[in-house]
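Open the model in your viewer and keep the selection panel at hand. Each stop below says what to select and what is there.

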Amino acid sequence: MRRLTTLMAGLVATGTVLSGCGFLGIGGEADLQIYSARHYDLEKAFEAFTEETGVSVEFLDGDDAELLERLKAEGEDSPADLFITVDAGMLWNAGEEGVLDEVDSAVLDEAVPADLRDSGGRWFGLAMRARTVVYDPDAVDPTEFDDSDTYAGLTDEKWQGRLCLRTAQSSYTQSLVASLIDLHGEERTREIVEGWLANDAEIKSNDVELLDAINDGECEVGITNHYYLARQIEEYGEDYDVALHWASQDGDGTHANISGAGIVASSDNKTDARALLEWLADDGQSAFVDANHELPVNPEVEPEPIAASFGPFERMPVDAEAYGALNADAVDLLAEAGYE
């Protein structure tokens with residue numbers, strides 16, 4: 001097994017709070033102003049949109065929660081036209097907080113599956129990620145996984161000392177646990193989380209660190225977003241000794257989450273904002289998702305080759321309300337279980 005450096009860690013350690021500006025600079029003369037918690041390859045997608053439509057775009061990036069608080073504080077004076085987030089629960093929260101306008105669009109209704117958009121038209125999923133099991137193929141036979149409930153199956157004592165997980169502070173961990181509360185109830189989810197910890201799970205600060213720990217033989221199994229593994233495979237090719245297994249394929253399916261967007265209620269350019277939103281869900285899907293190896297939400301668009309190489313899978317329905325409404329319960333449960 002080959003040892004890799006952790007040079008990718010800095011590229012994925014976002015946690016940024018209003019730290020960057022778009023390629024035109026916020027407050028400039030662009031037609032559209034975007035607040036975005038998504039940090040991946042926005043420039044390329046926005047440049048393609050501008051080239052096709054002539055509508056110029058600038059964006060401000062930051063943390064989901066920080067940007068939502070900024071939108072609420074700015075109110076009618078906000079310069080933002082579109083709000084992009086990286087979590088279904090945050091999309092639901094933004095809709096409930098009244099900062100997003102309702103959009104009636106046949107293009108969006110056709111491009112985005114019903115469980116990946118708000119029934120009231122306030123937000124729409126644009127990219128999807130699956131949080132599933134990864135493993136060391138030299139140490140683990142995938143038949144060892146419990147395919148009826150792979151996440152709960154990792155509480156089995158046979159995984160003692162073999163498991164790596166991401167921190168409780170990660171929104172990915174919180175949304176996974178919120179979805180487990182929604183599926184199993186709080187008591188059973190607490191048993192699952194405590195079972196992971198009872199197996200001496202090692203907690204890693206980010207998904208790339210977790211993947212590298214498996215590649216380096218530090219642990220044998222982990223839970224991560226599929227696209228982080230795709231990035232490592234793109235970087236290191238066959239030298240990267242980590243494999244992916246789609247979780248719970250004989251049960252409720254693999255946990256999935258979305259990045260998505262909605263038009264800001266106070267926007268003074270809703271026509272162009274809607275045009276961008278429709279473009280991102282349709283003609284611009286590949287420009288938006290491929291470079292980060294995410295999965296298109298539009299069923300008419302093919303995933304890029306590395307993501308496609310993982311094969312098809314059954315996913316859990318994305319319940320944005322559950323992810324949002326149960327987030328606080330998930331955070332409390334993790335803390336009470338001693339998951340740090």
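This is a predicted model: local features need pLDDT of at least 70, side-chain atom pairs count only at pLDDT 80 or more; totals for chains, interfaces and linings use all residues.

**Stop 1: strand β5**

Select residues 124-135, which form strand β5. How many of its residues are buried? Twelve of twelve, so the strand is mostly covered, buried here being under 20% relative accessible area. As a reminder for viewing, side chains in a regular strand alternate between the two faces of the sheet.

**Stop 2: the partners of β5**

Now show residues 221-225, strand β8. Five bridges join β8 to β5, and the two run antiparallel. Go to Y135: V221 is its bridge partner in β8.

Stay on Y135 and bring up strand β9, residues 243-245. Which residue of β9 is the bridge partner of Y135? A243. β9 and β5 are also antiparallel, with three bridges between them.

Finish with β11, residues 295-296. Two bridges link β11 to β5, again antiparallel. Here M128 has L295 as its bridge partner.

**Stop 3: the cavities**

A probe the size of a water molecule, rolled over the atoms, shows where empty space is left. The structure holds three cavities of 30 Å³ or more.

Start with the largest cavity, at about 60 Å³. Select R131, L165, R166, T173, L176, W196, I223 and Y339, which line this cavity. Two elements, β6 (163-166) and α7 (171-184), each give two or more residues to the lining. Colour by class: five lining residues are nonpolar, one is polar and two are charged.

Next comes the second largest cavity, with a volume of about 40 Å³. Its lining is R129, A130, R131, Y172, S175, N225, H255 and N257. Which element supplies the largest share of the lining? β5, with three residues. α7 and β10 also supply at least two each. By class, this lining has two nonpolar, four polar and two charged residues.

**Stop 4: the nonpolar cores**

Select I34, F83 and L276. These three have the most contacts inside the largest nonpolar core, which has 55 residues. Helix α11, residues 270-281, gives this core its largest share, six residues. A second, separate core has 32 residues, including A168, V193, L326 and L333.

Return to F83 and show its contacts. Leaving aside neighbours within four places in sequence, F83 touches residues including Y35, D64, L67, L68 and L71. Further along the chain, F83 also contacts A94, L100, G260, A261, G262 and V264.

**Stop 5: two loop residues**

Select D200, in the loop between α8 (186-198) and β7 (202-204). Check its backbone: phi is positive, about 60°, although D200 is not a glycine.

Then move to H293, in the loop between α12 (285-289) and β11. H293 is not a glycine either, and its phi is positive at about 60°. Is H293 buried or exposed? Buried, because its relative accessibility is 2%.

Conventions. Residues are numbered from 1 along each chain as its sequence is written. Side-chain values use heavy atoms; hydrogens and water are left out. A nonpolar core is a set of buried Ala, Val, Leu, Ile, Met, Phe, Trp, Tyr and Cys residues joined through side-chain atoms within 4.5 Å. Buried means under 20% relative accessible area, exposed over 50%, partly exposed in between (1.4 Å probe, protein chains only). Helices (H or I, at least four residues) and strands (E, at least two) are DSSP runs, numbered from the N terminus. Contact means heavy atoms within 4.5 Å. Two strands pair if DSSP finds at least two bridges between them. On a 1 Å grid over the protein atoms alone, a cavity is a set of points where a 1.4 Å probe fits but cannot get out, and a pocket is an open set with protein on both sides within 12 Å along at least five of seven lines; lining residues have an atom within 4 Å of a point. Grid points are joined across faces, edges and corners, and a volume is the space filled by probe spheres set on the points. Ala, Val, Leu, Ile, Met, Phe, Trp, Tyr, Cys and Pro count as nonpolar, Asp, Glu, Lys and Arg as charged, and the others, Gly among them, as polar.
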